[in-house]
Amino acid sequence: MDFERSDTQRALLDALDTLLGRYAGTGRSREPAARGAYDHALESELRTAGFLDLFGDDGAGPLEATLAVERISAALGAVTPVPHLLVLPALGLPAHTGPVALAAPPAGEEPGPVRYGAEAGLILLAGADRCVAAPLDPGQAEPVPSAYGFPLARVAPVASGQGAELPPGTAATVRGWWRVGASAEALGMMRQAFDLTVRYAKDRTVFGRALGSFQALQHRLAELSVLLEGARWLVYEAAFLGAPAEASAVAAAHTTAALRRLTRETHQIMGAVGLTREHDLHLWTLRLQALRAELGGMRAHRRAASAARWGAAAA
Amino acid sequence: MEFAFDEADAAFRRDLVDFLDRELADGWERSEFGLGSAVHTDFSRKFVRTLAGRGWLTPHWPERYGGGGQGAWQHFVLGEEMWKRGEPRGPQYMNVNWVGPSLIKYGTEEQKRTLLPPIARGEVFWCQGFSEPEAGTDLAALRTRAVRDGDGYLLNGQKIWTSYADGADHCFLLARTGTVADGRRGISVFLLPLDTPGVEVRPIDGFVGDHSFNEVFLKDVWVPRSRLLGEENKGWDIVRRTLAYERVGAPRYARAALVLDGLADWSRTRGLLHDPGVQEQFGEARALCEAARLLVYRVIDERAKDKEPSPRANQARAAMVQAERAVGDLALDVMGSEALAEGSRGDAQFRNSLGAGIAAGSYEVQLNLITRLILKLPKE
């Protein structure tokens, strides 16, 4: 057991932070019109620097890839880090240029709106047992207007039999790494929103004293810190273990529970200013709501955790 | 970062599990209720000596004080396996987790020589004399007095909620050597033999398990100066450290997780586990138990690296309380009136969970410390 970052991990994340300082961040996320919604330049830089190969790298691995997903998301990097850094390599599929969509629609149904769907050229569909990797025609996608940070679109019919059916068991691999990855994304964003709120609570004066000196708020932030820390280590452990069904579902269940609570508390403590476009809080909290929907959300993660541990009827 | 036990600790766990399977096969009735009950404590007295004989009572202590010189992880593996089985060491876990380590860190050579070996051999029980009728969560308000008297001190006052005092040999006792106005700067630690004249123990009838609380009355109790731990008026530093150990010393999440597994078995045989709402509640509780486990592991990692106790122990403790409560609530929600039957799994967990946020510093005190030491929010 070792809860400290290794020298390799530190060096890796420092290098990633430097890259993200140039190709991500709040400023860049506010002006996507100049580059298009998806940040191809960021993806290209990540690829060139080797961050998309961490999963299978001898000196790194899935945990390092997960830590990178967390950082990219915290910096609002406009790419699809979960399929690129985790799911594609876990399936042994070749790298893909441009956004990749993930979906797990109920049998016979089309997926709901997916992130970067209007630009995605590939979708991975997790079925009951097998996963299908299907090409997408961006021209057929139907953009869905949304306030939640990510460009969403309904993707063109993918259930019509096209695409390669991957071997048995691949759906579980996709679900496991998707849960770990989406949770890592949430961790990165939650940490930013939380830190912003704690700073605000220290600086903002109300009734002649610091907002954060009121115990009614202090205990809520303290409980939130317990949830966030718990989620963080659950996600790292699940990644270290290779995203097995139980650990990844448990991590996602706890992370989405934290996400719900964090959204309410940060916005309540920040007050009306947190509801403005000018303030940065929404850059993270609105995107977080999109993560909340993935793979059925908190209730589905909890049922999956239960099923994995005790063999309850699958969700 | 690494989330696996090293081979030595994993091998130790395997040996320990084998040993416990054999040793507890006869005469040990596992029960979430039992800790502190008379029958439980009687079993413990014999069991801890067997454990000591194998060097497994105090494996983490230095060898010169009767320990095995092993690391913090091995000690913790021991705690996990014991709690999973209802803690057959009984009140001994307090001795080995924090009374002994406090003596090792702050005791005089004479105190170590006389007091540590009986603990390492499993011959004595200690209890913790902290809370008073008007000083529980607000511990620094304690009023039990210790006045210098010849070559010792005269103690007068009252302790309350003192677990195991009815069977303990010694008490790790806090008393005020300064004035009340000195607050935490006027407190000292005494290592009081409970058979000292003037000590009276009265049980309090509680309903959290068979374990009884006690009141301890101190009337003109004389204790020699050699039983003062550390310096006079410097007891608070020892307490802070002691509490940091105590907060995560008992891996309560391990018991909660085990009870949850049992509740899942119970629910499955009755077809309840098909209910999506029940599945969700189980998944939520499992996640809380697992989060608590990792937050405690993080504290053990700091300890294994010889770092000073950190406020992360407060986060770990808060997470354990949340886990115990979630499992207790689930038990009553899922088991229905079966949970009301005395001694049922649900009954035991629920009643235990009522005390979870009170012992070892209340849940709210943990939150206060997180606020101040981790978030660094301003005081009122």
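**Figure 1. The domains of chain B in this predicted model.** The C-alpha centres of domain 1 and domain 2 of chain B are 25 Å apart. Here is how the chain is laid out: domain 1 covers residues 7-124, domain 2 covers 128-234, and domain 3 covers 251-374. If you come to the structure with the UniProt record in hand, its unreviewed entry lists residues 233-373 of chain B under "domain: Acyl-CoA dehydrogenase/oxidase C-terminal". That span, residues 233-373 of chain B, is 77% helix and 0% strand. Its end C-alpha atoms lie 24 Å apart.

**Figure 2. Helices H3 and H7 of chain B pack against each other.** Let us zoom in on a pair of helices. H3(B) runs over residues 72-84 and H7(B) over residues 252-269. Their axes are 8 Å apart and meet at an angle of about 35°, and the crossing is right-handed. On the H3(B) side, look for Glu80(B), Trp83(B) and Lys84(B). H7(B) answers with Arg252(B), Ala254(B), Arg255(B) and Leu258(B). Sorted by class, the contact of H3(B) with H7(B) has 4 charged and 3 nonpolar residues, and no polar ones.

**Figure 3. Helices H9 and H10 of chain B form another packed pair.** H9(B), residues 312-335, and H10(B), residues 345-356, pack at an angle of about 145°, and their axes are 8 Å apart. The crossing of H9(B) with H10(B) is left-handed. From H9(B), the contact draws on Val321(B), Glu324(B), Arg325(B), Val327(B), Gly328(B), Ala331(B), Leu332(B) and Met335(B). From H10(B) come Arg345(B), Gly346(B), Gln349(B), Phe350(B), Asn352(B), Ser353(B) and Ala356(B). The contact of H9(B) with H10(B) holds 7 nonpolar, 5 polar and 3 charged residues.

**Figure 4. A three-stranded sheet in chain A.** Now we turn to chain A. Here 3 strands make an open sheet in the order E2-E6-E5, with antiparallel pairing. Which strands stand at the edges? They are E2(A), residues 114-115, and E5(A), residues 142-144; each has a single partner strand, so one side of each lacks a neighbour in the sheet. E5(A) is joined by 3 bridges to E6(A), residues 152-154, and these two strands run antiparallel.

**Figure 5. A four-stranded sheet in chain A, with helices packed on it.** This open sheet has the strand order E1-E3-E4-E7 in chain A, and its pairing is mixed. At the edges are E1(A), residues 100-103, and E7(A), residues 164-165; each has a single partner strand, so one side of each is left without a neighbour in the sheet. E4(A), residues 131-135, runs antiparallel to E7(A) and is joined to E7(A) by 2 bridges. Ala133(A) has Ala164(A) of E7(A) as its bridge partner. Helix H5(A), residues 81-91, packs on the sheet and touches E1, E3 (122-126) and E4 of chain A. The direction of H5(A) makes about 70° with that of E1(A). H6(A) packs on the sheet as well, touching E1, E3 and E4 of chain A, and its direction makes about 105° with that of E3(A).

**Figure 6. Domains 2 and 3 of chain A meet.** Chain A is assigned domain 1 (1-95), domain 2 (96-167) and domain 3 (171-310). The C-alpha centres of domain 2 and domain 3 of chain A lie 25 Å apart. Domain 2 of chain A gives 14 residues to their contact, and domain 3 of chain A gives 10 residues. The domain 2 side of this contact has 9 nonpolar, 2 polar and 3 charged residues. For this chain, the unreviewed UniProt entry places "domain: Acyl-CoA dehydrogenase/oxidase C-terminal" at residues 178-296 of chain A. Residues 178-296 of chain A are 76% helix and 3% strand, with end C-alpha atoms 12 Å apart.

**Figure 7. Where chain A touches chain B.** Chain A brings 45 residues to the contact, and chain B brings 37 residues. The elements of chain A that give two or more residues are H6 (170-203), H7 (215-240), H8 (245-270) and H10 (297-310). Which helix supplies the largest share of the chain A side? That is H7(A), with 14 residues. The side of chain A that touches chain B has 23 nonpolar, 11 polar and 11 charged residues.

Notes
Residues are numbered from 1 along each chain as its sequence is written. Chains are lettered from A and ligands numbered from 1 in the order in which they are written. This is a predicted model: local features need pLDDT of at least 70, side-chain atom pairs count only at pLDDT 80 or more; totals for chains, interfaces and linings use all residues. Axes are lines fitted to C-alpha atoms, for helices over the stretch in contact, and angles run from 0 to 180 degrees between N-to-C directions. A crossing is left-handed if the near helix is turned anticlockwise from the far one by less than a right angle, and right-handed if clockwise. Two residues are in contact if their C-beta atoms, placed from the backbone, lie within 7 Å. Ala, Val, Leu, Ile, Met, Phe, Trp, Tyr, Cys and Pro count as nonpolar, Asp, Glu, Lys and Arg as charged, and the others, Gly among them, as polar. UniProt positions are given in the numbering used here, feature names are shortened, and annotations may be inferred rather than shown by experiment. Domain bounds come from an automatic or database domain assignment. Two strands pair if DSSP finds at least two bridges between them.
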